Amino acid sequence: MYGTVALIHPKPDKEKELLEMFDRWWTERRPKVQGVVSSTVSKQDINPSEWVLAVVLESKEAYQKNASDAEQDRWFRDLMTLCTKEPTWFDGDVIFHKHA
């Protein structure tokens with residue numbers, strides 16, 4: 001498996017819209033993206049204005065295919081209109097992943 005963790009900085013008045021956009025990704029984009037395993041968005045207790053996004057795909061190839069897709073790029077550009085700055089990304093092999 002392969003994934004990314006990103007630090008997201010939503011505009012204070014756009015948090016609801018940002019969450020709706022993540023939800024729409026799952027209903028609109030997800031059916032077109034092969035290999036998606038999971039995604040999670042967390043709001044930090046220590047800094048609620050910084051969210052942590054974690055995404056897992058079946059392989060690095062699946063991740064790269066989605067990342068290079070023009071439709072994904074459009075979705076990301078729309079996402080950025082709801083954020084104060086570009087995310088900080090941490091990509092890599094997922095070496096442990098469990099869920100109930």
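**A guided reading of the structure**

Leaving out its neighbours within four places in sequence, Ser-38 is in contact with Trp-26, Ala-54, Val-55, Val-56 and His-97, where contact means heavy atoms within 4.5 Å. The model is predicted, so local features need pLDDT of at least 70 and side-chain atom pairs count only at pLDDT 80 or more, while totals for chains, interfaces and linings use all residues. Residues are numbered from 1 along each chain as its sequence is written, and side-chain values use heavy atoms, with hydrogens and water left out.

Ser-38 belongs to strand β2; helices (H or I, at least four residues) and strands (E, at least two) are DSSP runs numbered from the N terminus. Is Ser-38 buried or exposed? Ser-38 counts as buried because its relative accessible area is 18%, and buried means under 20%, exposed over 50% and partly exposed in between, with a 1.4 Å probe and protein chains only. The side chain of Ser-38 also makes a polar contact of 3.3 Å with that of His-97, that is, a pair of N or O atoms within 3.5 Å, one able to donate a hydrogen and the other to accept it, with residues adjacent in sequence counted only if both atoms are side-chain atoms.

Strand β2, which spans residues 36-43, also holds Val-41. With a relative accessibility of 31%, Val-41 is partly exposed. Beyond the residues within four places in sequence, Val-41 is in contact with Phe-22, Trp-51, Val-52 and Leu-53. Val-41 and Ala-6 stand 35 residues apart in sequence, and their C-alpha atoms are 9.4 Å apart in space. The loop between β2 and β3 contains Asp-45. Asp-45 is classed as exposed because its relative accessible area is 78%. From Asp-45 to Leu-18, 27 residues away along the chain, the C-alpha separation is 18 Å.

Apart from residues up to four places away in sequence, Trp-75 touches Met-21, Phe-22 and Trp-25.

Together with Val-55, Asn-66, Gln-72 and Trp-89, Trp-75 is among the residues nearest the centre of the largest pocket, which has 22 lining residues. On a 1 Å grid over the protein atoms alone, a pocket is an open set of points where a 1.4 Å probe fits, with protein on both sides within 12 Å along at least five of seven lines, and lining residues have an atom within 4 Å of a point. The volume of the largest pocket is about 510 Å³, taken as the space filled by probe spheres set on points joined across faces, edges and corners. Which elements supply at least two residues each to this lining? They are α1, β2, β3, α2, α3 and β4 (88-93). Helix α3 gives the most, with five residues.

Gln-72 is a residue of helix α3. Gln-72 counts as buried because its relative accessibility is 12%. With residues up to four places away in sequence set aside, Gln-72 touches Trp-25, Arg-29 and Asn-66.

Ala-67 and Arg-77 lie 10 residues apart along the chain, and 12 Å separates their C-alpha atoms.

The last stop is strand β4, the place of Gly-92. Gly-92 is partly exposed, at 21% relative accessibility. Not counting residues up to four places away in sequence, Gly-92 touches Tyr-2 and Gly-3. Gly-92 and Lys-60 are 32 residues apart in sequence, with 8.2 Å between their C-alpha atoms.
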